[in-house]
Amino acid sequence: MDQMNDEMLLEELKTRFLDNKKAINDLTVMNDKIEKLNVKLADSERLKGDFLSNIRNEINNPLTSILVMSREIFAPNKDEQAKQLMAEMIYNEAFELDFQLRNIFTAAELEAGDMGLHISRVETARLIEALVAAFGHKIREKNVTVTIVTRSDQPDDDALLFSTDADKLYRVLANLLANAVEYNMPGKTVRIEVWKEAGTLHASIADEGIGIPQEERGRLFERFRQLDRGTTKKHRGQGLGLSITRALVEMLNGTVALCSAPGGGCVFRIDLPEASGASDEYSSDGNTFLFESEKKF
């Protein structure tokens with residue numbers, strides 16, 4: 001009986017030893033996870049700090065310019081050429097402010113889960129033309145050329161009619177075009193290709209800029225992430241555009257991908273399936289209107 005008790009005791013000790021070993025192993029794994037989480041949290045806090053610092057400049061700078069130039073344009077003895085120049089600068093700054101605020105509002109809606117879908121029949125080719133026209137002043141300022149190529153697997157589909165959310169598609173393409181123009185080299189080309197095939201809309205925007213290093217690509221779509229940041233940053237923006245792009249594309253059940261090599265430019269491509277349940281509304285520039293509208297393009 002004593003021998004049996006000794007065997008039972010040894011077995012119990014062995015079981016407890018194995019349990020303790022497993023508990024220590026689990027604790028080690030948990031500590032590793034906590035350490036990695038702390039690193040991510042610290043990185044996130046730093047990125048948010050950069051974002052808050054950037055956003056002050058992104059809003060305050062154009063707003064200050066608008067206020068100053070608006071006052072100056074009414075100053076006495078201003079010749080017409082000076083007024084024209086200031087009016088153009090006011091528009092440019094207002095456009096930039098509007099673009100950044102729309103991204104911020106979109107990010108806030110996505111974060112709150114308040115964003116829904118509004119599906120309509122979209123004239124995709126016309127939407128692209130309207131988008132390029134809206135960015136015309138930035139394209140001229142950067143001295144780049146934008147070429148547009150469209151095609152469809154359906155005859156007589158010059159407008160590339162496609163059922164999707166026009167506003168979200170416009171916001172996605174606007175962010176990709178803004179990046180392509182901003183990071184392109186002066187005198188180079190931005191190429192936009194849009195094609196529809198087998199119920200899927202494909203779009204790519206290619207630039208001839210500096211490209212994106214391989215080690216940066218995995219985190220490129222994170223919020224607040226910018227390759228160019230800090231007090232010496234040369235490019236505008238808060239690091240929200242690509243994260244918004246991915247979130248909106250995923251809302252539309254699509255995918256977005258990047259092809260890039262340092263010094264060789266970037267190609268961003270989106271692929272969207274056609275949405276079901278389109279309404280009788282019709283859209284060509286991201287602003288939905290009814291078929292009965294007399295709006296011309």
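Colleague: Happy to begin. How far is the sulfur of Cys259 from the closest cysteine sulfur?

Modeller: Keep in mind that this is a predicted model. The closest cysteine sulfur to that of Cys259 belongs to Cys266, and the gap is too far for a bond. A disulfide would need the two sulfur atoms within 2.5 Å. The distance here is 9.5 Å.

Colleague: Is Cys266 buried or exposed?

Modeller: Cys259 has a relative accessible area of 52%, so it counts as exposed. For Cys266 the relative accessible area is 6%, and the cut-off for buried is under 20%. Cys266 is therefore buried.

Colleague: Thanks! On to the rings: how many aromatic pairs does a search of the whole structure find, and what is the geometry of Phe95 and Phe135?

Modeller: The search finds three aromatic pairs. In the pair of Phe95 and Phe135, the centres are 5.2 Å apart and the planes make an angle of 85°. Planes over 60 degrees apart count as edge-to-face. That makes the geometry of Phe95 and Phe135 edge-to-face.

Colleague: Which parts of the chain does that pair link?

Modeller: The two residues are 40 apart in the chain, so to speak, as a link between distant parts. Both Phe95 and Phe135 are buried. Phe95 lies in helix H2 (residues 80-112), and Phe135 in the loop between helix H3 (124-134) and helix H4 (136-142).

Colleague: What is the geometry of Phe99 and Phe135?

Modeller: Phe99 is buried, as is Phe135. Their ring centres are 5.8 Å apart and their planes stand at 85°, so the pair is edge-to-face.

Colleague: Which residues form the aromatic cluster?

Modeller: Phe135 touches Phe95 and Phe99, and its contacts also include Ala174, Leu177 and Ala178. The aromatic cluster consists of Tyr91, Phe95, Phe99 and Phe135.

Colleague: Last one: which element supplies the largest share of the largest nonpolar core?

Modeller: That core has 48 residues, and those touching the most other members include Phe135, Leu173 and Leu177. Among the elements that each supply at least two residues are H2, H3, helix H5 (166-183) and strand E4 (189-197). The largest share is 11 residues, and it comes from H5.

Key:
Residues are numbered from 1 along each chain as its sequence is written. This is a predicted model: local features need pLDDT of at least 70, side-chain atom pairs count only at pLDDT 80 or more; totals for chains, interfaces and linings use all residues. Side-chain values use heavy atoms; hydrogens and water are left out. Rings of Phe, Tyr and Trp (its six-membered ring) pair if their centres lie within 6.5 Å; planes under 30 degrees apart count as stacked, over 60 as edge-to-face and the rest as tilted. Helices (H or I, at least four residues) and strands (E, at least two) are DSSP runs, numbered from the N terminus. Buried means under 20% relative accessible area, exposed over 50%, partly exposed in between (1.4 Å probe, protein chains only). A nonpolar core is a set of buried Ala, Val, Leu, Ile, Met, Phe, Trp, Tyr and Cys residues joined through side-chain atoms within 4.5 Å. Contact means heavy atoms within 4.5 Å. Lists of a residue's contacts leave out its neighbours within four places in sequence.
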